Amino acid sequence: MDPQASGWSFLTNHARVLLAIARDPSARLRDLAAACRITERAVQSIVVDLEQGGYPSRERHGRRTRYHLHLDGTFRHPAEPACPSAACLH
């Protein structure tokens with residue numbers, strides 16, 4: 001069955017970007033966009049959302065950015081308040 005045919009998927013774009021950052025913390029926005037198959041502008045907005053939520057932080061290394069994930073938090077949805085976010089990234 002074609003996954004696109006059903007019209008939905010398990011992961012949101014926010015989850016995809018977070019997973020892509022976990023796989024490659026030094027990835028550029030362009031690389032994250034390609035990995036997630038969304039636009040660079042969408043990735044930029046999602047990274048800001050995720051940072052405001054306290055999931056990643058970023059540090060400049062010259063002209064590059066390196067992300068650091070904060071895996072001690074929990075998911076934001078009320079149905080998973082005690083589920084550690086680290087469990088899904090390992």
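Visitor: Why is Leu11 called partly exposed?

Guide: Buried means under 20% relative accessible area and exposed over 50%, with partly exposed in between (1.4 Å probe, protein chains only). Leu11 has 40% relative accessibility, so Leu11 counts as partly exposed. This is a predicted model, in which local features need pLDDT of at least 70 and side-chain atom pairs count only at pLDDT 80 or more, while totals for chains, interfaces and linings use all residues. Residues are numbered from 1 along each chain as its sequence is written, and side-chain values use heavy atoms, with hydrogens and water left out.

Visitor: How many salt bridges does the rule give?

Guide: The count is two. Asp31 and Arg28 also form a salt bridge, at 3.1 Å from N to O. Asp31 is partly exposed, with 29% relative accessible area, and Arg28 is partly exposed, with 37%.

Visitor: Why are strands E1 and E2 called paired?

Guide: Strands (E, at least two residues) are DSSP runs, numbered from the N terminus. Two strands pair if DSSP finds at least two bridges between them. Six bridges join E1 (residues 56-61) to E2 (residues 64-69), so these antiparallel strands pair. Glu59 stands opposite Arg66 in E2.

How values were computed
Helix = DSSP H or I, 4+ residues; strand = E, 2+ residues; numbered from the N terminus. Salt bridge = Lys/Arg side-chain N within 4 Å of Asp/Glu carboxyl O.
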